[in-house]
Amino acid sequence: MHSLSRLTRRLRLLVARRRFERDLDDELRFHMEMSHAVHLARGASVEHARALTHKEFGSMDRFKDEVRDARGLSFTDDLARDVRFALRALRRTPGFTAIALLTFALGIGANTAIFSIVNAVLLRPLPYANAGRVVRMYETLGGAKERGSVSVPNWRDWQQQLRSFESVGGFLTSRAIVDGDGSAEPMRVRLTYVTTNVPSILGAHPLIGRLFQSDEQARGRNHVVLLSEGFWRSRFAGSSAIIGQTLRLEGEPYTVIGVMPSAFNFPDGARTTDLWSVFIPPERAEDPRARGWHWIQVLGLLKPGVTVDQADMELKQVAARLEQQYPTQQTGRSAIALSMQEDIVGDVRPMLVVLLGAVFLVLLIACANVANLLLARNATRQKDVGVRLALGASRGQITRQFLTESIVLALVGAVLGLGVARGMLGALAAVGAEWLPVSGSIPIDWHVLAALIAMALLCGLAFGLAPALQVSPKRMQGSLQGMSIRTTASGEMRRFRSGLVVAQIALSLMLLVGAGLLMRAFVALQSTDAGLDPDRVLTAKIAVPRRFTADGTEATALLRPFLDRIRAIPGVKAAGMTSMTPIEETGLQASFWIDRRAWPEPGNEPNVEVRSVSPGFLPALGVRFTRGRDLVESDDSTSIAKAVVNEALVRRLLPGEDPIGRHLLQGNAERHFDFEIVGVVADMKQSGLDVPAMPEIYTSYNDPRIDWTGGDMSLVVKTAVPEVTIVSQVRSALREVARDVALTNVRPMREVIERSLSQRRLTLFLFGVFAAVALALAASGLYGVIYYIVTQRTREIGIRVALGADTMRVIRLVLGHSALLAGLGIGAGLVGALLLSRLLTGLLYGVTPHDTVTFVSVPVVLALVALLAALVPTRRATHVDPVIALRSE
Amino acid sequence: MTSQQTNDRLQGTLDLLVLKTLAGGGAMHGWSVALRIQQVSRDALQINQGSLYPALHRLEDAGFVDAEWGVSDNNRRAKFYRLTALGRKQLQAETESWKRFADAVGLVLRFA
């Protein structure tokens, strides 16, 4: 209390510093004038009175200083002086300052950028009031970690039985077409169906309008819709008159009840959701037999005080009960509850942690470099320091001065680093908009700024400490006598600087090994056989309106005529449709069994990837048929359903048997739907190049008994001409068939594959940049130290040359020293890399963390770079003229 | 006693004298505080008048006195100091501590 008011008094003085000085002058002058007047009145002459006044008062300057001391101003005064001095000193050596600043700005800027991402993705809570209590729940199969969708009967049971939650809601992401209206074009939007309690589970509030009401959780009342702020602004120019108006989604009227602020982007991720409406599962999903139909997403709000772990435990108990109760559908199934934050960011965490670690190593190397530069520079200032010590400066003052200098350097570097960070984030946003589970740009907020300043201060202290510790009166005395360079003190310094360089080389070797491993993994991945030929293949998505899917005419009335027209385009070799583009989309799986074999225990049927495709799809992607035939248009509901399967399915269910004509069964031993196998294709990867092909079944798009698709289809066209040249013809073909169908995401198959690698490519790129910077810094550090050592030993070399040493011997002397440092660094770095490379395991593919090629080639590269760095100083050493070297003493 | 402690004791003494002087009531500027100390001590205390100002600012910093700019008797701008409640408490404590010190020294001088 007491000291607090003192602090405010002092701060007030600091702010009004000029006025304080003026007041102090006035106060003291008043005293002098009064004193002067008194002496005059007593009869002294003007001169004498002035002398007496000054004598009685004492030293004006001294007392002013004491007053400033008393008011706590001297500390800040000294600081300001030190900072001014530091700035002047830095300006006097522009070359040094520029290099040190650049080095440090790069190191700290890269750190700030990566930390901003970590902050935005991993640390920042989700933008919901209840973020800490929102939990996602999934079904799991056979102890696997993969988080699967939930069936409606299971969800209902969870809702009834779970005690850890205040409420449990469900949702489903979907897409829809907003109908054209007057001048507005029809538009494809992302629509998420949520139960009416979802907004309150999240703790969300509307920007305008209202949220869902619980009575809207009923068929007939559920045609209400919330708009996202972005959609509202772009489609309705942000007019609040939209509330209560009708929006038509594929012919159906929906009443707009509210607009959600842009921070509300449920269910989150890199993509933005445009609309939310009420989720009401269809009747058949509520049927007890639909317990095996896993298709919805579930979330809940924890009761206060309940932890996620407790909720997870309870959910697993409930799931275990359900497993006993419904063995046919639930055997082998369990469930998992995890916080929503973890659910969203869990997948990118390993990558971000690895990048953060890598960039931190870069900062360490940069700090070592700056420390080395400072040491080198201060070595040239020893005389200067010696003079100041001799003139009465205390060791503390000089230490403080050195530290101030390095901290000023660090802070200026941090400001520049902020620019580097902004540039990096901008570049990252430009290359990979969808590589992180956040929408929009990555902000540099005050968390990041605080971390930046803390980092800069720490670094400033770290790299200022070494030079500051070099200040010793004894040593400086030596320096005054001009013998500093050749004393033991400088040997100590040499060892310290050599240690720094060894550490730099070790750290950069570790980074290079990491980059090498990631690169090998990337190359391995790119050269894996995806089982398809992406050359001259165009893909696009077709948003199928509900009118086609409702009456089952999707294939005959829309897709087939469309395909016929595409096949007629000159240059088209093959064309087909699929419910999901391979590599890019996955997610629909079902359990199948095979005929003529006893059914296994329920739940043990293999999980099979399912795609609904048209004739021509597999040939268009260049997927090789190993047996049988492709689907044909006549494979429709008039006969038994036909299917093409992949080799992986044959290996799993029919090893060594002829699969053609065999039946795949879906259901159970008593009731099943049969598919006759008509063809077998080579394995094609489904969900990414790094995921091995699953067993897969391709069923006919022309059979309304099978409905995997939910409407939307992807087009695949193989061309003889460059694939992009036919885009406009494809568009007009679609317009001829149906005017209200949107063609979106038109792009070459190559691009689809490239995009699936974007996160890896970005990780590799960043890691590679960090490693390259590290290598450059380590090389320049080595160069600096060897150069320094050569300079120091000029006289020794001179003597050796004078005594008859030849050039080779001199070269061996200098290079031997460089080799020692590089060797020590490489050795230490190899040990570190062996220990740490395991952390990369999750990001690798096709290489082990102890990949021999990487662990052999990286040290060789580093050794070569070290040799290059040592060559210039070595050359200098061989040119030492003994006469000059000896005379320079 | 080390020289630092001697210094503290002298400073403390000057602070005590200033507090006591201001306790006379009313606001005083530095010059009149100086005059007053000189008069009361009958010129026995030979200190530089200037050292009064660090003392005054020290007390102001600690919150024992308040300062305000005003107009002096001869119509000049001057800084006036006034004892605060906190300062009055401090004066009491310091006075007692000084008395104890003086008694202790007296005892030692008498019996040692």
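Two strands are said to pair if DSSP finds at least two bridges between them, and helices (H or I, at least four residues) and strands (E, at least two) are DSSP runs, numbered from the N terminus. The model is predicted, so that local features need pLDDT of at least 70 and side-chain atom pairs count only at pLDDT 80 or more, while totals for chains, interfaces and linings use all residues. Residues are numbered from 1 along each chain as its sequence is written, and chains are lettered from A and ligands numbered from 1 in the order in which they are written.

**Strand β3 of chain A**

Select residues 165-178 of chain A, which form strand β3. Eight bridges join β3(A) to the antiparallel strand β4, residues 187-194, and S174(A) is found opposite L191(A) in β4(A).

**Strand β8 of chain A**

Move to residues 252-260 of chain A, strand β8, to which strand β5 (residues 208-209) is joined in antiparallel fashion by two bridges, with G258(A) as the bridge partner of G209(A). Strand β6, residues 224-228, pairs with β8(A) in the parallel sense over five bridges, and V224(A) lies opposite T255(A). Strand β7, residues 246-249, pairs with β8(A) in the antiparallel sense over four bridges, with R248(A) opposite P253(A). What is found between β7(A) and β8(A)? The two strands form a hairpin with two residues between them, and E250(A) in the turn has a positive phi of about 50 degrees.

**Two helices of chain A**

Select residues 94-123 and 349-379 of chain A, helices α6 and α14, whose axes come within 9 Å and cross at roughly 160 degrees (axes are lines fitted to C-alpha atoms, for helices over the stretch in contact, and angles run from 0 to 180 degrees between N-to-C directions). That angle makes α6(A) roughly antiparallel to α14(A), where angles under 35 degrees count as roughly parallel, over 145 as roughly antiparallel, 65 to 115 as roughly perpendicular and the rest as oblique.

Next, pick T380(A), in the loop between α14 and α15 (382-390) of chain A. Is T380(A) buried or exposed? With 11 C-beta neighbours inside 10 Å, T380(A) counts as exposed (a residue is buried if 20 or more other C-beta atoms lie within 10 Å of its own, exposed if 12 or fewer, and partly exposed in between, with C-beta atoms placed from the backbone). The C-alpha atoms of T380(A) and Q310(A) are separated by 65 Å, and the two residues are 70 apart along the chain.

In chain B, display the open sheet of three strands, whose order is β1-β3-β2 with antiparallel pairing; its edge strands, each pairing on one side only, are β1 (28-29) and β2 (65-71). Seven bridges join β2(B) to β3(B), residues 77-83, and D66(B) has R82(B) as its bridge partner.

Now select helix α3 of chain B, residues 52-62: nine of its eleven residues are buried, so the helix is largely enclosed by the rest of the structure. Among the buried residues are Y53(B), H57(B) and R58(B). After α3(B) comes G63(B), with a positive phi near 85 degrees.

Finally, show both chains: the contact takes 17 residues from chain B and 22 residues from chain A (residues are in contact if their C-beta atoms, placed from the backbone, lie within 7 Å). On the side of chain B that touches chain A, the largest share, six residues, comes from α3(B).

Notes
Two residues are in contact if their C-beta atoms, placed from the backbone, lie within 7 Å.
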